[in-house]
Amino acid sequence: MKTTTKISLPRLKLGEFEINWLPGGVFDLDGGCMFGVVPRALWAKKFPADPEGFISLTNTPILVRTPDALLVIDTGLGNKLSEKQKKIFRVTQGWRVEEGLGMLGLSRHDIDHVILTHCDFDHAGGVVMYGEKGMPSLTFPNAVHHVQRTEWDDVLQPNRRSACSYWNENLDLLKSSDRLNLVDESLEPVAGIALQRTGGHTMGHQVVWLKSGEEIAVHPGDLLPNHAYFNPLWVTPYDNFPLESVAVKEKLIPEGIDQNAWFLMYHDPTMAACRFDREGNVVERV
Ligand SMILES: [Zn+2]
């Protein structure tokens, strides 16, 4: 594990908001598992693969500082993976969110809101962390955690597929805490930050719109995990409701482009955020 890798914290200024990407761990996945029915000859042109066809994916919690609050969108892989799990998931860089926050002069106790786009282990892994004595606790103990009610229903009674990626060790402490806020479709927890349920990837998957002054960004969660997924038909095979994903992307992407929005990326090692033109070319990036 390359825990000594120098941390870089990509940054974007959005009106009065300050956005930073935090080091939530990197893993390698079989590109076929990520791109599904899209032939490798097509996806490999847009996204780099190693000779075996594996692709590297970041898991980057996104810190948003608004004049009113500190928010984190998704939480990375966390520090609870066993050595065996790290091998299975080919984790090449560990979770260093506390360190990243420290570099910005912040601590995990300062965070007011955590937004989970959904509860899969690669997004909710950092909700609970092991402290120095190996005891689990909420990573952001003072934050309200916003999850769609439909997502939470699925966590409590998962289907055969979702049960594989909702891990009790990531969510049990949240269940028994008073730090959970269930969202019914949409919510603006902080001025300029709007949650919108989309479904598609999971039952209660949500995206986040950020608006400050004239500047707009959207965190599309795993509907657009990296820039290669611009085509609405390119959905991950992990999507539980792929037709829903296609329909949502057909609306969401043009809506973003119309507003000259930044698309914030969670799983993209090649860019933290980008702007697209209508043909899907990346015209600006961070
Ligand atoms: Zn993901």
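## The loop at Asn-260

Asn-260 lies in the loop between helix 9 and strand 17. Helices (H or I, at least four residues) and strands (E, at least two) are DSSP runs, numbered from the N terminus. Phi of Asn-260 is near 55°, a positive value in a residue other than glycine. Asn-260 counts as partly exposed, because 13 other C-beta atoms lie within 10 Å. The cut-offs are these: a residue is buried if 20 or more other C-beta atoms lie within 10 Å of its own, exposed if 12 or fewer, and partly exposed in between, with C-beta atoms placed from the backbone.

This is a predicted model, in which local features need pLDDT of at least 70, side-chain atom pairs count only at pLDDT 80 or more, and totals for chains, interfaces and linings use all residues. Residues are numbered from 1 along each chain as its sequence is written.

## The whole protein

The protein has nine helices and 19 strands. Its C-alpha trace spans about 50 × 45 × 40 Å along the principal axes.

Buried residues make up 45% of the 286 residues. Contacts say how the chain folds back on itself. Two residues are in contact if their C-beta atoms, placed from the backbone, lie within 7 Å. Take the contacts between residues at least 6 apart in sequence: 69% of them join residues at least 24 apart.

Seven strands form an open sheet in the order 13-14-15-16-17-18-19, and the pairing is mixed. Two strands pair if DSSP finds at least two bridges between them. Strand 13 (186-190) and strand 19 (282-285) stand at the edges. Each has a single partner strand, so one side of each is left without a neighbour in the sheet. From one strand to the next, the twist averages 25°. Axes here are lines fitted to C-alpha atoms, for helices over the stretch in contact, and angles run from 0 to 180 degrees between N-to-C directions.

Now look at single pairs. Strand 15 (residues 206-212) and strand 16 (residues 215-219) are antiparallel, with five bridges. Ser-212 has Glu-215 of strand 16 as its bridge partner. The hairpin of these two strands has two residues between them, and Gly-213 takes a positive phi near 60°. Strand 16 and strand 17 (residues 262-264) run parallel, joined by two bridges. There, Val-218 stands opposite Phe-263 in strand 17. The chain goes from strand 16 through helix 9 (residues 242-258) to strand 17, a right-handed β-α-β crossover. Right-handed means that, with the strands pointing away from the viewer, the path from the first strand over the helix to the second runs clockwise. Strand 18 (residues 273-276) pairs with strand 19 in the antiparallel sense over three bridges. Cys-274 has Arg-285 of strand 19 as its bridge partner.

Another open sheet has three strands in the order 4-3-7, with antiparallel pairing. Its edge strands are strand 4 (54-58) and strand 7 (91-95), and each pairs on one side only. Neighbouring strands are turned by 20° against each other on average, direction ignored.

Strand 3 (residues 24-30) is joined to strand 7 by three bridges. Phe-27 stands opposite Val-91 in strand 7.

Which residues of helix 8 are buried? They include Asn-170, Leu-171 and Leu-174. These residues are on the same side of helix 8, because they cover an arc of only 65° around the axis. The arc is that of the directions from the helix axis to the C-beta atoms. Their cover includes helix 5 (121-124), strand 9 (128-130), strand 11 (144-148), helix 6 (149-156) and strand 12.

Arg-179 sits in the loop between helix 8 (168-175) and strand 12. With 16 C-beta neighbours inside 10 Å, Arg-179 is partly exposed. Not counting residues up to four places away in sequence, Arg-179 touches Leu-138, Ala-143, Val-144, His-145 and Leu-174. Arg-179 and Ala-143 are 36 residues apart in sequence, yet 6.6 Å apart in space, C-alpha to C-alpha. Glu-185 lies in the loop between strand 12 (180-183) and strand 13. Glu-185 is exposed, with 12 C-beta neighbours inside 10 Å. Its phi is positive, about 75°, although Glu-185 is not a glycine.
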